[in-house]
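My notebook is open and the viewer is loaded. I'll jot down what I look up as I go.

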Amino acid sequence: MSYTQSRYWNPVLETMPRAQLERLKLLKFKRAVGHAYANSPFYRKKLDGAKIRPDDIKSLSDIEKIPRTDKNELRDAQQTDPFPYGSLLSVPTDDVTAYHQTSGTTGQAVRQADSWRDWEWWSECWATILWAQGFRPQDRVFIPFSYGVFIAFWAGHYACEKIGCEVIAGGGLSTEDRILKMREIKATALMCTPTYALHMTEVAARLGIDPASELHVSKMLCSGEPGALIPSTKGRIEGRWGAKVYDHAGATEGGAWGFECAEQPGGLHINEAMFFLEVLNIENGQPAAPGEKGELVITPLDRRAQPYLRFNLKDTAILTDDPCKCGRSFRLLQGGVLGRSDRLTKVRGVLFSPTSVEEIVRGFPELGDEYQVILQKRDELDEVTVKVEIKPDRRKNPELEERLRQALRLYTGIRINVEVEAYGTLPRFEVKASRFEDQR
Ligand SMILES: [Zn+2]
């Protein structure tokens with residue numbers, strides 16, 4: 001594709017030769033450590049405890065000397081002064097202009113302070129992503145997101161404004177009203193979770209509306225969960241919307257660090273000019289080789305109010321050195337974020353990722369979009385059950401169940417029970433889907 005010159009397509013940064021990019025990352029990393037050490041009592045204590053001074057970072061391999069940070073440490077640090085961010089805060093409290101919190105379902109949420117400068121940074125990160133996916137000033141972007149304490153699509157909204165897109169804030173509307181509004185104003189782009197993109201098409205069907213032919217959406221940014229890079233899920237969303245679907249990965253603590261470009265290379269580019277992302281072996285913490293699955297650890301390189309040094313994202317991914325047709329030198333994570341490392345669980349001795357079920361389930365045209373994965377102990381043995389829904393115009397039959405059972409076994413290496421339920425019986429989700437239940 002050809003790029004119109006824009007400040008959000010920055011060829012100097014995005015196609016920088018690797019050696020130069022590595023130098024830039026080291027320079028920025030050193031600056032980030034210096035800032036955290038000088039201004040955050042939490043990081044000063046942590047680095048002093050590890051006997052590391054900012055000046056000790058002389059090469060990229062020295063970065064491994066800095067201890068990683070876990071979410072539990074953030075929660076503890078926020079019990080200290082100043083309220084409510086504690087010793088993580090690295091700017092005067094008066095500089096804080098935005099409050100957000102993490103959306104995890106377990107434990108106390110981590111509070112996130114951002115200054116106006118950081119908020120500009122968030123929207124710059126997002127603008128880079130949106131531009132790479134073809135969002136342009138002519139676009140009318142619908143955001144069906146309830147603007148609240150979760151960061152989710154907030155910065156996407158600001159990034160659209162920076163690019164010059166027209167933004168429709170669909171937060172206060174029901175799903176039905178959102179669809180009708182999109183049709184009425186001819187929205188050309190949409191941002192939501194993959195789950196919600198599918199849910200909207202179910203609701204549209206009830207309204208007698210076919211999104212692909214009656215709405216005007218040509219591109220969608222799907223984020224918040226893996227899915228937009230799972231081929232069967234991407235295929236379902238693209239088919240029903242008649243639109244291109246692009247993945248993006250980010251986190252409240254990390255920032256908006258990864259994106260699928262318009263070439264759809266089957267993976268996520270890491271925005272290496274703004275983030276230092278490591279892929280580490282899950283067992284020993286050493287850098288994972290290209291092609292090897294590892295755990296993600298992130299350092300946002302320009303974040304000031306509440307910085308992070310080597311934060312454990314708990315996401316798993318596979319780094320590749322394969323080039324992308326778009327010409328960016330930013331490396332790719334093959335298949336995007338593959339799942340949560342804290343969700344990886346051993347079932348009868350085999351490592352099992354609940355998200356791996358999605359690719360199979362959504363590949364069956366007879367089945368609805370929803371599924372549930374339930375882990376139980378029966379007679380001391382682990383048992384996995386996958387519940388799915390049959391589409392309203394299809395009939396349950398033993399042959400389908402058997403095919404699904406075999407496909408799941410082949411893909412996961414585990415014998416899995418299958419229960420086919422009536423359409424509409426499994427839970428629906430609007431923001432973060434929770435389809436996994438460990439009852440052991
Ligand atoms: Zn690319």
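Predicted model: local features only at pLDDT ≥ 70, side-chain atom pairs only at ≥ 80, totals over all residues.

What kind of unit do S18, helix H12 and S19 make? I looked it up: S18, helix H12 (residues 398–412) and S19 make a right-handed β-α-β unit. Right-handed here means that, with the strands pointing away from the viewer, the path from the first strand over the helix to the second runs clockwise. The helices (H or I, at least four residues) and strands (E, at least two) are DSSP runs, numbered from the N terminus.

Residues are numbered from 1 along each chain as its sequence is written, and side-chain values use heavy atoms, with hydrogens and water left out.

**Entry: around S18**

I checked how S18 pairs up (two strands pair if DSSP finds at least two bridges between them). Strand S17 (residues 367–378) runs antiparallel to S18, and nine bridges join them. One bridge I clicked on links Lys-377 to its partner Asp-382 in S18. S17 and S18 form a hairpin with two residues between them, and Asp-379 in the turn has a positive phi of about 50 degrees. With strand S19 (residues 416–421), S18 runs parallel, joined by six bridges. There, Thr-385 has Asn-417 in S19 as its bridge partner.

Is S18 enclosed or open? Eight of the ten residues of S18 (residues 381–390) are buried, so this strand is largely enclosed by the rest of the structure. Buried means under 20% relative accessible area, exposed over 50%, partly exposed in between (1.4 Å probe, protein chains only).

**Entry: the zinc ion**

Which residues hold the zinc ion? I found Cys-261 (SG), His-269 (NE2), Cys-324 (SG) and Cys-326 (SG) coordinating the zinc ion at 2.1 to 2.3 Å. Donors are N, O and S atoms within 2.8 Å of the metal (3.2 Å for Na, K and Ca); water is not among the atoms, so sites may look incomplete. The site is tetrahedral, with angles of 104 to 117 degrees among its four donor atoms; four donors get that label if all angles lie between 85 and 135 degrees. Along the chain, the donors follow the spacing C-x7-H-x54-C-x1-C. Cys-261 sits in the loop between strand S8 (255–259) and strand S9 (267–270), and Cys-326 in the loop between strand S12 (311–320) and strand S13 (332–334), so the pair ties together parts 65 residues apart in sequence. Both Cys-261 and Cys-326 are buried.

**Entry: the core**

Next I looked at nonpolar cores (sets of buried Ala, Val, Leu, Ile, Met, Phe, Trp, Tyr and Cys residues joined through side-chain atoms within 4.5 Å). The largest has 77 residues, and Leu-130 is one of those that touch the most other members. Helix H5 (residues 116–132) gives the most to this core, with ten residues.

Phe-275 lies in strand S10 (residues 275–280) and is buried, with a relative accessible area of 0%. Leaving aside neighbours within four places in sequence, its contacts (heavy atoms within 4.5 Å) include Trp-121, Cys-125 and Trp-257.

Gly-266 is in the loop between S8 and S9, and this glycine is partly exposed, at 37% relative accessible area. Not counting residues up to four places away in sequence, Gly-266 touches Leu-229, Leu-333, Gln-334, Gly-335 and Gly-336.

Technical notes: Tetrahedral: all angles 85-135°; square planar, octahedral: opposite > 155°, others 65-115°.
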